[in-house]
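Subject: Structure handover and notes

Hello,

Here is the structure for your files.

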Amino acid sequence: MSKNTQLHEESKKYTPGGVHTSIRNVDPFLVFTKGEGAYIYDADGKKYIDYQAAFGPFILGHNHSYVNGKVIEAIGRTDLYGVGCTDLEVELARKICKHVPSADQVLFCNSGSEATYHAIRLSRAITGRKKLIKFQGCYHGWHDYVARNMLSAWDMIGKRDPGSAGMMDEAIDNTLVCTYNDLDSVESTLQANKGEVAALIVEPVPHNIGCIMPLPGFLQGLRELCSAHGVILIFDEVITGFRHSIGGFQQVAGVTPDLTTMGKAMANGYPIAAIAGKREYMQRFNTQPGGDVWFAGTYNGHAVGTAASIATIEMMENEPVHEHIYRLGEKIRSGIRDIHSRLGIRAYVAGFGSVWTTYFMDFEPLNYSDLEKNDAGLYVNYRKKLIERGIFKMPMNIKRNHVSYSHTDADIDYTLEVIETVLKELV
Ligand SMILES: Cc1ncc(COP(=O)(O)O)c(C=O)c1O
């Protein structure tokens, strides 16, 4: 029995499904024992070029020496106190407020789900309203406010589609679902719920369904509709934040939300997340004396996450991180397009900056419904064949790929060679 299989069997004994978050349980099931730069290694010692990047945190690469060094240095002298604040929290907060356009003030927590939960509760407190708007296909974490109409079955698009058993009906029904890139759907929902919508939450680029780009004017249109209707605009930049620029996608788009949630690439894989926004709103949190919106967490601001995040942002400030990942992102996208034209494959290579995916469909998708046209069987099979040959992408429909600062031109050239071989076999 291989070491992978042996550990998988054992993991299932102690843990439901053998994994510690949903959608990790995929075929092939691999047990990983080492990560280094652009590469990951399974328990049988097989090496992969990693493009899954643990769903996005690894903007610099696995086990990055500068980040690890800063974390080790920090935990050699400090950790967590549960009172007051730390020098690391001050330094990180200063950096985030300097770089992220919407961030007058910031608070730290431990996961993206916590950050979106706080942003929504704060919005309800500010507006005195209950309802929330989200978009079909977008993911904002596991809690009841947002866990509906995520990767819905095609016949459930836009319908009442809770993502979990056990959710509160009131939470499900107060979350309204619109179509991404369709301002009319947002405007009519706002009109039909006049004076009742507290917040609109959006992934500025919906990366949970690969890479759907906002049409020109869409994010600006959301900004205008939210301002006109007194609705708090939340950009969920848990994936796009720090990845698409040091100031997030809001900096790229030139659209400033009221509140922003961040996580993932903020700390290159270490656990920390953040909510930031307008000072007058942030001051409602009860970390501020007199604030009336509860904000707490035993581990908030722990030295591990704050030191890692400071180091990751320092790398972005001092080295050409974004230049490198944008260049390699463009290199792989154009290389794949060339392969498609050589082989006569009709597919759409989507992407932005360091993120990309190939949809097996012949037009640019603009929303979740369009993705029904993607050949899901081929999408997953293609990825499984790449994994067999040492290229790791999530073997699941409409998931995206990421390049990091550790990927090299040689990694991309090799990946393109393997892609061409696999596509020749498949199509
Ligand atoms: C856009 C977005 N928001 C929020 C979350 C939730 O973050 P976490 O898994 O850290 O709770 C995710 C996770 O993938 C995400 O992609």
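In these notes, buried means under 20% relative accessible area, exposed means over 50%, and partly exposed is in between, with a 1.4 Å probe and protein chains only. Helices (H or I, at least four residues) and strands (E, at least two) are DSSP runs, numbered from the N terminus. The model is predicted, and local features need pLDDT of at least 70, side-chain atom pairs count only at pLDDT 80 or more, and totals for chains, interfaces and linings use all residues. Residues are numbered from 1 along each chain as its sequence is written, and side-chain values use heavy atoms, with hydrogens and water left out.

Overall fold

The protein has 13 helices and 14 strands. Its radius of gyration is 21 Å, close to the 22 Å that the globule rule gives for 427 residues, so the protein is as compact as a globular protein of that length. That radius is taken over C-alpha atoms, and the globule rule is 2.2 Å times the number of residues to the power 0.38. The C-alpha trace spans about 60 × 55 × 45 Å along the principal axes. Of the 427 residues, 57% are buried. Contact here means heavy atoms within 4.5 Å. Among contacts between residues at least 6 apart in sequence, 69% join residues at least 24 apart.

Helix 7

Helix 7 covers residues 218-229. Its buried residues are F218, L219, G221, L222, R223, L225, C226 and H229. What covers them includes strand 5 (131-135), helix 6 (183-192), strand 7 (197-202), strand 8 (232-237) and helix 8 (249-253). The twelve residues of helix 7 reach 16 Å from the first C-alpha to the last, close to the 16 Å expected at 1.5 Å a residue. The expected span of a helix is 1.5 Å times one less than its number of residues. After helix 7 comes G230, whose phi is positive, near 65 degrees.

Helix 4

Helix 4 (residues 112-127) has 16 residues and should span 22 Å at 1.5 Å a residue; its end C-alpha atoms are 23 Å apart, which agrees. The buried residues of this helix are G112, S113, A115, T116, H118, A119, I120, L122, S123 and R124. G128 follows helix 4, and its phi is positive, near 70 degrees.

Helix 2 against helix 10

Helix 2 (residues 65-75) and helix 10 (residues 303-318) pack at an angle of about 145 degrees, with their axes 8 Å apart. Axes are lines fitted to C-alpha atoms, for helices over the stretch in contact, and angles run from 0 to 180 degrees between N-to-C directions. From helix 2, Y66, V67, K70, V71, A74 and I75 meet A303, V304, A307, A308, A311, T312, E314 and M315 of helix 10. These contact residues divide into eleven nonpolar, one polar and two charged. Ala, Val, Leu, Ile, Met, Phe, Trp, Tyr, Cys and Pro count as nonpolar, Asp, Glu, Lys and Arg as charged, and the others, Gly among them, as polar.

Backbone details

The peptide bond from D27 to P28 is cis, with omega near 0 degrees. P28 is in the loop between helix 1 (3-14) and strand 1 (32-36).

A54 is not a glycine, yet has a positive phi of about 55 degrees. A54 lies in the loop between strand 3 (47-50) and helix 2, and is partly exposed at a relative accessible area of 40%. N181, also not a glycine, has a positive phi of about 70 degrees. N181 sits in the loop between strand 6 (175-178) and helix 6 and is buried, with a relative accessible area of 12%.

Other residues

V205 is in the loop between strand 7 and helix 7, and is buried at a relative accessible area of 1%. Not counting residues up to four places away in sequence, V205 touches Y180, C211, I212, M213, P214, T240 and F249.

D169 is in helix 5 (residues 169-173) and counts as exposed at 51% relative accessibility. G377 lies in helix 12 (residues 376-388) and is partly exposed, with a relative accessible area of 48%. G377 and G84 are 293 residues apart in sequence and 53 Å apart in space, C-alpha to C-alpha.

Regards
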